[in-house]
Amino acid sequence: FVSIVKDHSILKNELRRCSKCILPETYPFIKFNQDGVCNYCLEFTNTIPKGEDKLEQILSTHRSNNSKNDCIVAFSGGRDSSYGLHLMKNKYNMNPIAFSYDWGFVSDVARRNQARMTSKLGVELIYRSANIEQKRKYLRKNIEAWLKKPHLGMLPLFMAGDKFFFDIARDLKKELKIPLVIFCGGHDYEITDFKTGFLGVQEKMYGNQLFNFSKVNKLNLAFSYAIQYFRNPHYFNSSFLESINSFRASFISKENFLFLFQYVKWDEAQINDTLTNSYDWEFLSSKKNAWRIGDFIYVFVNFIYLEIAGFSEFDTFRSQQIRMGELTREKALMIIKNDNYINHEHIKEFCLQVGLSYEDTLNEIYNIPKLF
């Protein structure tokens with residue numbers, strides 16, 4: 001199947017990029033000044049974590065003294081949630097119970113890392129699984145609809161089935177009578193505002209939590225989705241009600257969870273070293289970057305962004321590290337080549353799981369007009 005893979009790296013390399021970070025000219029709402037610096041760099045302000053003292057103030061009100069579970073940790077098996085579980089148990093002396101949600105695309109690597117972490121830490125893991133056959137059917141319907149009239153702003157629809165992770169956290173909080181729910185996120189590295197940007201919605205002050213979008217932008221976003229639905233009626237398929245509910249779970253239902261990295265500094269080298277040395281944590285053999293290894297769908301979605309817009313989530317991630325003084329631009333340009341390497345074996349496996357033809361799907365994506 002490798003013979004049908006096309007290489008557009010030369011075209012991508014010709015994209016104009018910010019002279020400070022690595023965002024390209026195809027990024028939504030981007031502008032460059034006379035020195036070639038983009039508005040995202042010019043407007044950047046570094047968010048300082050609230051600090052471990054404030055975190056301890058919260059944890060101390062929940063910490064048990066008798067080994068009884070005192071917090072719930074959302075645990076995907078990815079890098080940040082694995083490190084967060086380690087911190088809760090070993091550094092902050094909490095007694096966590098972890099939970100995970102399988103909507104049909106949890107990778108084998110993530111499952112093995114979950115087993116490593118929970119076994120060594122002695123933490124119970126609650127696994128909630130969706131109707132996987134139904135979820136894959138819904139996703140297939142939406143991908144087939146999207147391919148009939150491709151629009152980058154509609155790609156988040158592919159992840160609709162995953163957003164009920166938040167609802168499960170709310171349910172477990174009530175079932176287990178444990179009020180403290182911890183998500184191992186909240187830092188500014190993972191801001192991917194281009195996803196709503198391609199729908200014409202720009203939100204700057206949401207703190208990487210979707211429910212914090214302003215009311216105006218929530219309405220704008222809902223309106224933009226509605227326009228795309230009526231322009232492409234194939235979206236009105238059996239997944240429609242779930243997609244609506246996913247919007248509610250993401251943008252409407254307010255979260256009162258604790259986001260760990262709003263308090264603790266996120267340090268990539270420290271996280272990688274801890275997981276590797278203490279838990280024999282497994283990385284993908286094809287990549288040194290451990291972000292997004294827990295879910296097959298992100299390989300597919302990032303492939304589409306790369307093919308059509310010339311960048312992926314990793315470009316935004318590395319650009320944030322540049323702005324924070326943690327990477328030079330030259331180093332980021334080198335790293336991004338590995339970050340954006342697409343393992344087509346994973347895409348082929350994803351298509352097999354969803355029920356799509358790998359060859360036909362790839363050819364249809366290659367034929368979509370590019371932004372560069």
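**Figure 1. Phe99 stands opposite Ile126 of strand 3.** This is a predicted model; local features need pLDDT of at least 70, side-chain atom pairs count only at pLDDT 80 or more, and totals for chains, interfaces and linings use all residues. Residues are numbered from 1 along each chain as its sequence is written, and side-chain values use heavy atoms, with hydrogens and water left out. Strand 2 and strand 3 (residues 125-129) run parallel and are joined by five bridges. Two strands pair if DSSP finds at least two bridges between them. Strands (E, at least two residues) and helices (H or I, at least four) are DSSP runs, numbered from the N terminus. The chain passes from strand 2 through helix 5 to strand 3, a right-handed β-α-β crossover. Right-handed means that, with the strands pointing away from the viewer, the path from the first strand over the helix to the second runs clockwise. Asp102 has Ser129 as its bridge partner in strand 3.

**Figure 2. Strand 1 pairs with strand 2 in the parallel sense.** Four bridges link strand 1 (residues 71-74) to strand 2. Ala74 faces Phe99 of strand 2 across the pairing. Helix 4 carries the chain from strand 1 to strand 2, and this β-α-β crossover is right-handed. The open sheet has five strands in the order 3-2-1-4-5, with parallel pairing. Strand 3 and strand 5 (258-259) are the edge strands, and each pairs on one side only.

**Figure 3. Strand 2 is covered on both faces.** Seven of the seven residues of strand 2 (residues 96-102) are buried, so the strand is largely enclosed by the rest of the structure. Buried means under 20% relative accessible area, exposed over 50%, and partly exposed in between (1.4 Å probe, protein chains only). In a regular strand the side chains alternate between the two faces of the sheet. Here, Pro96, Ala98, Ser100 and Asp102 lie on one side. Ile97, Phe99 and Tyr101 lie on the other.

**Figure 4. Thr118 is a buried residue of helix 5.** The relative accessible area of Thr118 is 12%. Its side chain reaches the backbone oxygen of Gln114 at 2.7 Å. A polar contact is a pair of N or O atoms within 3.5 Å; within protein, one must be able to donate a hydrogen and the other to accept it, and residues adjacent in sequence count only if both atoms are side-chain atoms. Not counting residues up to four places away in sequence, Thr118 touches Phe75, Leu85, Val123 and Leu125. Contact means heavy atoms within 4.5 Å.

**Figure 5. Lys173 is buried in helix 7.** Lys173 has a relative accessible area of 19%. Leaving aside neighbours within four places in sequence, Lys173 is in contact with Ile72, Ile178, Pro179, Val181 and Asn256. Lys173 and Cys71 are 102 residues apart in sequence, yet 9.0 Å apart in space, C-alpha to C-alpha.

**Figure 6. Helix 10 packs against helices 6, 7 and 9 through its buried residues.** Helix 10 (residues 240-252) has 13 residues. From first C-alpha to last, helix 10 reaches 17 Å, close to the 18 Å expected at 1.5 Å a residue. The expected span is 1.5 Å times one less than the number of residues. Glu242, Ser243, Ser246, Phe247, Ala249, Ser250 and Phe251 are buried. Seen down the axis of helix 10, these residues fall within an arc of 165°, so they line one face of the helix. The arc is that of the directions from the helix axis to the C-beta atoms. Their packing partners are helix 6 (132-148), helix 7 (165-176) and helix 9 (215-231).

**Figure 7. Asp267 caps the N-terminal end of helix 11.** A side-chain oxygen of Asp267 lies 3.2 Å from the backbone nitrogen of Ala269. Helix 11 (residues 268-279) has 12 residues and reaches 16 Å from its first C-alpha to its last, close to the 16 Å expected. Its buried residues are Glu268, Ile271, Asn272, Thr274, Leu275 and Tyr279. They cover an arc of only 165° around the axis, which puts them on the same side of helix 11. Their cover includes helix 4 (79-91), helix 5 (108-121) and helix 13 (313-323). Just after helix 11, Asp280 takes a positive phi of about 55°.
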